[in-house]
Amino acid sequence: MKKNIILLTVLGLLTIFSSCADDDIKKESPNDVLVDGFYKTEEDFTKAIYGLYQDFKQIGFYGGSGYSRDLVVVGDILSDNLLSNYGGRGSNRAANNWTYDSSQTPTDIYGAAYRMISDANFILSKINNLKEGEFKNRIKAEAILIRAIAHFEIARHYAEIPTQSATSASSIGIPYLTTYNPEFQASRTKTIKEVYDNVTQDVESIVNNLPTNYQDINRLNQYSASGFLSRVYLYSGDYDKVIEHGQKVVKAIQPTSKNEIASFWSSKTSQGSLFEIPYLQANDPSIGSNFGYGTNANNMVMEFSADKALYDLYDTSTEPERKNTYFKIYNLAGDANNANIVVYKYYPGQIKNYINHARYLRVEEVIFNLAEAYYLKGDLVQSLQTLNIERAQRYSSFKGEEKGEELFDAIITERRKELAFENGDRWFTLKRLLGVKNIPTKYSKGIKRSGNGYRADGSGTAPVQLELKESDYRWQLPIPKEAINRNSHLIQNKGY
């Protein structure tokens with residue numbers, strides 16, 4: 001990232017927010033505004049923090065690139081939820097076939113996240129221009145938390161996860177940047193455990209300076225911070241801390257009900273959302289374009305279709321609301337009228353311009369984190385009770401009496417179903433469970449895909465490769481070649 005690009009990033013993003021007038025931007029040159037004439041008042045810092053939140057709209061996070069490279073889709077492409085549709089253009093097919101390398105990477109999140117980190121650190125470098133008090137504490141807390149989120153995303157994509165194997169905690173990490181220096185060339189000197197410790201320590205240090213109003217979901221608050229920590233601690237294998245932070249969230253916030261789920265995914269309600277980026281304008285990114293584009297069977301071009309094996313996990317009789325919200329079967333004209341299972345989660349026709357809020361974190365995920373942590377601590381009663389909180393909101397009826405390994409399978413299956421097509425959860429779940437003890441052995445074997453083709457009946461072309469072994473180097477994505485070329489201190493991941 002070159003200096004002039006980084007200096008312009010925050011200010012450029014400010015123009016997107018309605019609270020920032022163009023006149024404010026045009027008064028001075030970019031450098032003058034950023035260094036000399038800006039970052040002086042509370043209004044300046046409010047604009048800056050809004051601009052930092054806009055970084056989530058970059059390609060790599062929720063940019064809706066149309067090239068299937070964003071956070072909402074990549075993990076499902078890499079795992080066993082999505083199949084490259086051969087009626088499409090072949091976007092990111094290398095990810096689905098695990099044939100990626102440093103020149104053809106599956107996602108743009110590496111550069112997007114480090115840009116976010118740079119923008120956060122720039123704000124923090126000016127934070128002492130504010131007088132001490134609640135406002136300063138909140139701005140500082142938000143910038144540090146967003147910086148931690150960005151580091152976490154880089155870490156889970158490009159390095160091992162601490163629970164991935166017996167040696168993963170001591171494996172190579174990523175550069176963890178806490179100061180603004182666009183010329184600095186960082187190296188990978190930290191272990192991945194040290195990186196995760198940095199993330200949790202940063203967030204723990206500021207969580208009490210965030211607001212306690214969990215209904216303000218467009219900015220980070222104590223509940224979204226605790227929800228995020230429950231995710232990071234689960235990846236770290238610290239189940240006591242998952243329970244500590246997860247309980248706080250689950251006790252306070254109800255998940256979306258089955259009767260509201262369609263409204264949730266058409267952005268008419270946000271019940272259960274802990275942190276989301278609002279998409280309100282016609283020029284905001286279209287998240288659904290990551291899966292394909294078009295409005296009906298006659299003009300829809302699908303880049304990725306849902307695997308029949310995933311679709312069949314949903315029960316039409318007991319959970320029709322969720323199944324009908326997440327999927328739609330179209331006989332696509334572009335595929336000789338063959339039936340395809342379309343990811344409908346972001347496509348409902350009632351959404352104007354296909355705009356749907358970007359949901360980074362929901363209470364439903366925290367429920368699964370908490371249920372799994374209880375299980376791994378040996379408290380199967382609490383684990384089952386916690387899982388049933390979510391299931392009571394999804395099914396008209398369910399038994400909810402699983403024990404032992406059957407209970408763990410239920411947690412992971414329900415997690416897969418609920419969080420499908422969100423933030424890559426399936427890929428990272430399979431990755432982090434590879435080295436976890438006292439769970440069904442199948443989770444230590446890697447990925448074994450169904451073998452289905454991309455059509456609704458399982459016909460059509462299947463992925464080139466159906467198995468990814470637990471020791472395969474491709475669990476860690478390749479650092480983009482251009483990043484290596486810019487920074488001679490960076491070490492590429494093994495195998496690339």
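## Helices α15 and α17

In this predicted model, helix α15 (residues 363–376) and helix α17 (residues 404–418) have axes that come within 10 Å and cross at roughly 165°. Angles over 145 degrees count as roughly antiparallel, so α15 is roughly antiparallel to α17. The crossing of this pair is left-handed.

## The annotated domain

UniProt lists residues 93–234 as "domain: SusD-like N-terminal", in an unreviewed entry. In the model, this span is 52% helix and 0% strand, and its end C-alpha atoms lie 30 Å apart.

## Helix α8 and its partners

Let's turn to α8 next. Helix α8 (residues 134–158) packs with helix α9 (residues 192–206) at an angle of about 160°, their axes 9 Å apart. The two are therefore roughly antiparallel to each other, and α8 passes α9 in a left-handed crossing. On α8, the contact includes Ala 141, Ile 144, Leu 145, Ala 148 and Phe 152; on α9, it includes Ile 192, Val 195, Tyr 196, Val 199 and Ile 206. The classes here are 12 nonpolar, one polar and three charged residues.

Helix α7 (residues 109–125) also packs with α8, again at about 160° and with axes 9 Å apart. That angle makes α7 and α8 roughly antiparallel, because the threshold is 145 degrees. Their crossing is left-handed. Among the residues making this contact are Ile 109, Tyr 110, Ala 113, Met 116 and Ile 117 of α7, together with Ile 139, Lys 140, Ala 143, Ile 144 and Arg 147 of α8. By class, the contact of α7 with α8 has 16 nonpolar, three polar and three charged residues. Ile 144 of α8 takes part in the contact with α7 and also in the one with α9.

## Ser 91 in its loop

One loop residue is worth a visit too. Ser 91 is found in the loop between β1 (82–84) and α6 (93–96). Is Ser 91 buried or exposed? Its relative accessible area is 9%, and since buried means under 20%, Ser 91 is buried.

Which residues does Ser 91 touch, not counting those up to four places away in sequence? They are Gly 66, Tyr 67, Ser 68, Glu 303 and Phe 304.

Terms used: Residues numbered from 1 in each chain as written. Predicted model: local features only at pLDDT ≥ 70, side-chain atom pairs only at ≥ 80, totals over all residues. Heavy atoms only, no water. UniProt positions renumbered as here; feature names shortened; annotations may be inferred. Helix = DSSP H or I, 4+ residues; strand = E, 2+ residues; numbered from the N terminus. Axes fitted to C-alpha atoms, helices over the stretch in contact; angles between N-to-C directions. Parallel < 35°, antiparallel > 145°, perpendicular 65-115°, else oblique. Left-handed = near helix turned anticlockwise from the far one by under 90°. Buried < 20%, exposed > 50% of the residue type's maximum accessible area, 1.4 Å probe, protein only. Contact = heavy atoms within 4.5 Å. Nonpolar A, V, L, I, M, F, W, Y, C, P; charged D, E, K, R; others polar.
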